[in-house]
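Here is a friendly briefing to read with the sequence and the model side by side.

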Amino acid sequence: MPLFRRKSTDLVEDQVSEVETSEDVTTATRGHTPSKRELGVATPKRPSTQRRPGGAAVSRTPLTKEEAKEQRRLARQRESERFRREGGPRDRGPERVLVRNVVDSRRTVGSFFLGGAFVVLIGASVPDARVQAIANVLWLALALAVIVDSILISRRIKKVVRERFPKTTERMGSLYFYGISRSLSFRRMRVPMPAVAVGEKY
């Protein structure tokens with residue numbers, strides 16, 4: 001039997017102190033989240049918006065009115081050049097490209113229609129019966145030539161499109177109108193610009 005026996009009150013106090021110490025550690029652990037620096041993890045830096053990938057700083061200087069006007073003019077010029085080269089939505093599709101080549105590869109009466117109509121208008125305004133009669137005859141001849149040429153163009157378009165695109169979903173009437181309307185304009189004013197020369201194979 002031990003000589004020095006601890007009192008029961010001392011044992012109780014030791015157990016209470018151990019419980020309190022463990023609760024403090026648990027509370028401190030739950031209430032504190034270690035930072036990345038404490039864990040040894042470096043926070044990645046965000047890329048600077050003021051610098052380009054090459055290291056050159058992006059200019060934030062506002063444009064003057066003259067510079068903004070020049071930029072708008074250049075943008076319109078680029079858009080106009082692109083439209084002259086590629087055309088608009090109505091010019092899309094391989095069938096339309098083929099129709100343009102059919103028209104551009106030949107000389108059409110329609111390309112002289114506007115010039116002839118201008119001559120007829122001048123002749124009709126002259127106060128001379130003979131000149132006016134000649135102008136009327138020229139007008140009828142020009143209109144008849146355009147009609148015949150349009151029929152020939154339509155027949156050629158139908159033949160070529162049926163050969164190269166037998167399963168096309170394009171309406172032939174729409175292609176006829178597209179080709180005839182193109183043949184009525186001057187060659188230099190056609191949009192998109194002609195891709196083939198006169199007499200060239202397409």
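In this predicted model, Arg182 and Asp104 form a salt bridge whose closest N and O atoms are 2.9 Å apart. The pair links distant parts of the chain, with Arg182 in helix α7 (residues 172-183) and Asp104 in helix α4 (residues 94-104), 78 residues apart. A salt bridge here is a side-chain nitrogen of Lys or Arg within 4 Å of a carboxyl oxygen of Asp or Glu.

**Ground rules**

- Residues are numbered from 1 along each chain as its sequence is written, and side-chain values use heavy atoms, with hydrogens and water left out.
- As this is a predicted model, local features need pLDDT of at least 70 and side-chain atom pairs count only at pLDDT 80 or more, while totals for chains, interfaces and linings use all residues.

**Around Asp104**

- Arg182 counts as buried because its relative accessible area is 6%; Asp104 is likewise buried, at 1%.
- The cut-offs for these words are under 20% relative accessible area for buried, over 50% for exposed, and in between for partly exposed (1.4 Å probe, protein chains only).
- Asp104 also forms a salt bridge with Arg190, where the closest N and O atoms are 2.8 Å apart.

**Salt bridges in helix α3**

- The structure holds nine salt bridges, and one of them joins Glu86 to Arg82 with the closest N and O atoms 3.3 Å apart.
- Glu86 and Arg82 are separated by about one helical turn, because they are four residues apart in helix α3 (residues 65-86).
- Glu86 is partly exposed at 37% relative accessibility, and Arg82 is partly exposed at 28%.
- A network of salt bridges links Glu79, Arg82, Arg85 and Glu86.

**Overall fold**

- The protein has seven helices and zero strands, which read along the sequence as α-α-α-α-α-α-α.
- Helices (H or I, at least four residues) and strands (E, at least two) are DSSP runs, numbered from the N terminus.
- Of the 202 residues in the protein, 19% are buried.

**Spans annotated in UniProt**

- The unreviewed UniProt entry places the feature "transmembrane region" at residues 109-127 and 133-154; positions follow the numbering used here, feature names are shortened, and annotations may be inferred rather than shown by experiment.
- Residues 109-127 are 68% helix and 0% strand, and their end C-alpha atoms lie 29 Å apart.
- Residues 133-154 are 100% helix and 0% strand, with the end C-alpha atoms 32 Å apart.
- Val137 is found in helix α6 and counts as exposed because its relative accessibility is 55%.
- The C-alpha atoms of Val137 and Val120 are 9.1 Å apart in space, and the two residues are 17 apart in sequence.

**Surface patches**

- Phe118, Ile122, Val126 and Val131 form a nonpolar surface patch, with about 320 Å² of accessible area together.
- Val131 lies in helix α6 and is partly exposed at 30% relative accessibility.
- Arg156, Lys159, Arg164 and Lys201 gather in a patch of positive charge on the surface.
- Arg156 lies in helix α6 (residues 129-164) and is partly exposed at 35% relative accessibility.
- Patches are made of residues with over 30% relative accessible area and no salt bridge; like charges are joined within 9 Å, and nonpolar side chains (Val, Leu, Ile, Met, Phe, Trp, Tyr) within 5 Å.
- Lys and Arg count as positive and Asp and Glu as negative, with His and the chain ends not counted; the place of a charge is NZ of Lys, CZ of Arg, CG of Asp or CD of Glu.
- Accessible areas come from the Shrake-Rupley method with a 1.4 Å probe, and for residues only the protein chains shown count as cover.

- Val191 and Pro192 are joined by a cis peptide bond with omega of about -5°; most peptide bonds are trans.
- Pro192 sits in the segment after α7.
- Gly87 is in the loop between α3 and α4, and is buried with a relative accessible area of 2%.
- The C-alpha atoms of Gly87 and Met193 are separated by 8.3 Å, though the residues are 106 apart along the chain.
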